[in-house]
Amino acid sequence: AHFEPLHIGFNMMSLHTLGKELEGEYGSINFFLYNVTLVVMTTIVMMGMVYGRIRWYQRQNNDSKILQLRETSSVGYSGVLFAWMVISTLERKQPTCPVPFFNDVCFSTYSFGQLKFNIAPVVSLFMAQFIMPRVSFMGHLAGIICGFGLHWGWPPIELGSANVLIGGVFLLGNLFWRRGVVPVVPLTPPDDNDHDDDNQLLSLLLESGQDGIDGILMSMPGSGDVENGNNALDRDSTTSTSDPFARGKAKKKEREMEEMRRKHKTVESIRNLIGLVTVLSFLFFDWMSSIVLSQCLLLAYFIFGTRSSFIVWACTQAKVENDMITPEKQRCGMIWRGYVMSCVLAIVVDGMSVAGWIQLQTFISSEKTKLLFGLVPSLVFMLLRIA
């Protein structure tokens, strides 16, 4: 796409024109949130279309087109502007004339039940492509698709809130579209005759799945032997009393395991606290509000992030080769970055909500069904949640 200052100028003028028409109708805060939503939505739709075209050309064995699509970049706010153009066109009562200098070429809006459709934005898309061939056709088309979707009621403002949409897309991308599952290549668990502690840990991780992490911590040397009443350090002390090096190594390993068990208990406590806040959020607010959805998102981030961290640690202890756990390390880092980002967004949106509730007490009091315990208890809970 074009990277000239003229591009910015056109976008600013278009946003000024459309904004004056739509901001008053949606309200400034909702208009801002929808803009943030459309930035994410148009990017996702455009990337999906590019991916679909790449897959199509792969079936056709057209390597030149595939290389061109992979190396193509786009920039700008035009996709969002085309989405607002669609919404503005559908809200107008008079026909829309998208062709410059041809005021007689106009298109009316047709209704199909609660859905509306007008061909004028599509005509504008081809006109823009004809006048400026370097503009991103797929970027503008993505904006048109998102504009129709937004006007038809998807996504709702709750799902489109920045603290839900951005963090949710980031989490799903890391979990499902980024290849970061350990093991990346098949691993053969050690046989029963292999008594090496690290290999036993790896075998337990591979065989136990979701419960493998708790099982690993329970199988650590020094975690306790219920039947005999002795831990691994005691066994090492009785069998290797004549080897000071072995005793020192056993003590060091025991300290490492004890530290990891403490970390595991701390993580469980934090997870339970986040879960408690999530349950209370369901009691205080509407289940489908962005406040509750963002809290559920934070809980999911924390669960997946801690599980990924323990997988990396377990594989490190099992001396798995570096290139095999590197993808999981990368995914773990991305999940925790997403968690921090979602926390910041949740704090900002919660803070804006609290400020709005304080300023609009009369309005909030009239919506008693959405605040089960009243305004003051809900404000106190929100402040505690932010803290």
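Among contacts (heavy atoms within 4.5 Å) between residues at least 6 apart in sequence, 71% join residues at least 24 apart. The model is predicted, so local features need pLDDT of at least 70 and side-chain atom pairs count only at pLDDT 80 or more, while totals for chains, interfaces and linings use all residues. Residues are numbered from 1 along each chain as its sequence is written, and side-chain values use heavy atoms, with hydrogens and water left out. The protein holds 15 helices and two strands, taken as DSSP runs (H or I of at least four residues for helices, E of at least two for strands) and numbered from the N terminus. Of its 387 residues, 38% count as buried, that is, under 20% relative accessible area with a 1.4 Å probe and protein chains only; exposed means over 50%, and partly exposed lies in between.

H4 has 14 residues and spans 20 Å from first to last C-alpha, close to the expected 20 Å, which is 1.5 Å times one less than the number of residues. Because 12 of those 14 residues are buried, H4 is largely enclosed by the rest of the structure. The buried set includes Phe-82, Trp-84 and Leu-90. Around the buried residues of H4 pack helices H1 (5-26), H2 (28-59), H5 (120-131) and H6, together with strand E2 (115-117).

One of these partners, H6 (residues 137-151), packs on H4 at an angle of about 40°, with the axes 7 Å apart. Here axes are lines fitted to C-alpha atoms, for helices over the stretch in contact, and angles run from 0 to 180 degrees between N-to-C directions. The pair is therefore oblique, the class left once angles under 35 degrees (roughly parallel), over 145 (roughly antiparallel) and 65 to 115 (roughly perpendicular) are set aside. Residues of H4 that meet H6 include Phe-82, Val-86 and Leu-90, and those on the H6 side include Gly-143, Ile-144 and Phe-148. By class, this contact has eight nonpolar, seven polar and one charged residues; Ala, Val, Leu, Ile, Met, Phe, Trp, Tyr, Cys and Pro count as nonpolar, Asp, Glu, Lys and Arg as charged, and the others, Gly among them, as polar.

Most residues other than glycine have a negative phi. Asn-61, however, has a positive phi of about 55°; Asn-61 sits in the loop between H2 and helix H3 (63-71) and is exposed, at 62% relative accessible area. Phe-101 has a positive phi near 70°, lies in the loop between H4 and strand E1 (110-112) and counts as exposed at 81% relative accessibility.
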